[in-house]
Amino acid sequence: MFCPHCGKEVNEGQTFCHHCGARIAQLSGPADTVRTGPAWEDRENRGFFRALGATIRESLFAPTEFFRTMKVAGGFSDPLLYAIITGMTGIMLSFFWQAILRDQLQTFLPQDVQAVDTIGTAGMAVLAVFTPFFLVMGLFVWAGGLHLLLLMVRGAKNGFEATFRVAAYSAGSLLFLVLPFCGGLFAVISSLVVTIIGLKGAHGIGGGKAAFAVFFPLILCCALSVLAVAMFISAVAASLGALSH
Amino acid sequence: MKRIPERLVAAASSGTAVIYGMIAMAAIIAARFLPVERIAPSCAFKGLTGLACPTCGATRSLVHLAEGDVPGAVGLNPLFSVMMLFAVLLFFLGVLSRLGTVPRSSRPQVSASPAQLRFIVLALFMMNWAYLIVHL
């Protein structure tokens, strides 16, 4: 078997890794899994941009393998930095699109939906300044909720750090926000799918438990999700209606 | 002065407890200075069913906490209010333990079994929801 922290081989049944000292007895997963990834945590050897690119590509387009080989321990700072870089890139570009396209989009929206837009460009700039803080806080709250729900269904086979790492590396999905109009929808769907696959891989659990942990908070936050979906559908319907005339 | 329970200090000594405490503090400060009640959407679950959802009253409870009205906050969403206050307490204890004012502790934070903990969490959640359905 291999140490999930440093990836080096250790003897079967060993409680602590004799290479890095990490506790391995409580960490579970397929015995033959070598947890050496992600590339982002090897950026000193690979180079910053190559490691970032490889991590984005693998986490979004080959998530099963990515999370199966992801280290489930090793610190919060690397995954947090990755989430901030990818998340901020996506969110800032979505603000850019909103600032550019808002006036055009407003003409397609019904009157009552137009009234919701009270933030304005200056407000958006203020929001942009606070976004990194919201992102970090949101990540911890989301990971905390996911881990609590995993604990409730006996799905937290590894520690909180494993869940946090899944949440952080799933933040690459926010890069879909660079797409105007439909980027938000892609980002939400990708984030949910990648998180479920990530929890399966990181904790070595079934898809049902992982899906429960991901979807239960969404059901709890019914007001927000229903409002978001309703606004999206009304915006698309209004846009299609206007285009068809 | 009474001694602070060691289990509480042990919980506060963990880095993640301090982070969650900071988040709770930030939320309370935001509720003090921002019109969060106007920004927060109304509950669709309650709108559709007439029953409070498990998070109903949380925003108003946060505003009451920000104004120092703890009984008012607890009355609106007891579980949420107590969790926020507990997180703030852990934050201050965590900071004090890092400054050396309160000795750090690595004693196990809970003695209950995972099954008991799961039952306690579920029971608290359901009791809180029942309270919200009756009172909100």
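## Confidence in chain B

In chain B, confidence is lowest in helix α1 (residues 6-13), at a mean of 67. The highest value is 93, in helix α6 (residues 70-76) of chain B. The score is pLDDT, the predictor's confidence in each residue, from 0 to 100. Chain B has a mean pLDDT of 82, and 83% of its residues reach 70 or more.

This is a predicted model, in which local features need pLDDT of at least 70, side-chain atom pairs count only at pLDDT 80 or more, and totals for chains, interfaces and linings use all residues. Residues are numbered from 1 along each chain as its sequence is written, chains are lettered from A and ligands numbered from 1 in the order in which they are written, and side-chain values use heavy atoms, with hydrogens and water left out.

Chain B has 8 helices and 0 strands. Helices (H or I, at least four residues) and strands (E, at least two) are DSSP runs, numbered from the N terminus. Along the sequence the pattern is α-α-α-α-α-α-α-α. Contact means heavy atoms within 4.5 Å. Of the chain B contacts with a separation of 6 or more, 66% come from residues 24 or more positions apart.

Chain B has 136 residues, and 32% of them count as buried. Buried means under 20% relative accessible area, exposed over 50%, partly exposed in between (1.4 Å probe, protein chains only). In helix α5 (residues 58-66) of chain B, the buried residues are A58(B), S61(B), L62(B), V63(B), L65(B) and A66(B). Their cover includes α2, α3 (36-39), α6 and α7 (78-99) of chain B. After α5(B) comes G68(B), with a positive phi near 85°.

## The interface

17 residues of chain B are in contact with 18 residues of chain A. The two chains bury about 1400 Å² between them, 83% of it on carbon and sulfur atoms. Buried area here is the accessible area (1.4 Å probe) that two parts lose on being put together, summed over both. Across the interface of chain B and chain A there are 0 salt bridges. A salt bridge is a side-chain nitrogen of Lys or Arg within 4 Å of a carboxyl oxygen of Asp or Glu.

## Aromatic pairs

Rings of Phe, Tyr and Trp (its six-membered ring) pair if their centres lie within 6.5 Å; planes under 30 degrees apart count as stacked, over 60 as edge-to-face and the rest as tilted. By this rule there are 20 aromatic pairs over all chains. F76(A) and F140(A) are stacked, at 6.3 Å centre to centre and 25° between the planes. This pair links distant parts of the chain, 64 residues apart. F76(A) sits in the loop between α3 (63-68) and α4 (77-108) of chain A, F140(A) in helix α6 (residues 120-152) of chain A. F76(A) is partly exposed, at 26% relative accessibility. F140(A) is buried, at 3%.

F140(A) also pairs with Y20(B), edge-to-face, at 6.0 Å centre to centre and 90° between the planes. F140(A) lies in helix α6 of chain A and Y20(B) in helix α2 (residues 15-33) of chain B, so this pair joins two chains. Y20(B) is partly exposed, with a relative accessible area of 26%. Elsewhere, W40(A), F48(A), F49(A), F66(A), F67(A), Y82(A) and Y169(A) form one aromatic cluster.

## Charges over rings

A charge sits over a ring if NZ of Lys or CZ of Arg is within 6 Å of the ring centre and within 35 degrees of the ring normal. The charged end of R43(A) sits over the ring of W40(A), 4.2 Å from its centre. In chain B, R32(B) lies over the face of F33(B), at 6.0 Å from the ring centre.

## Salt bridges and helix α7 of chain A

The whole structure holds 6 salt bridges over all chains. In E41(A)–R165(A), the closest N and O atoms are 2.8 Å apart. The partners are 124 residues apart: E41(A) is in the segment before α1 (43-46) of chain A, R165(A) in helix α7 of chain A. Both are buried. D42(A) and R46(A) form another salt bridge, at 3.6 Å. D42(A) is partly exposed, with a relative accessible area of 29%. R46(A) is partly exposed too, at 41%.

R43(A) and D78(A) meet at 2.9 Å, N to O. Salt bridges that share partners join E41(A), K71(A), E161(A) and R165(A) into one network. In helix α7 (residues 160-170) of chain A, 11 of the 11 residues are buried, so this helix is largely enclosed by the rest of the structure. E161(A), R165(A) and Y169(A) are among them.
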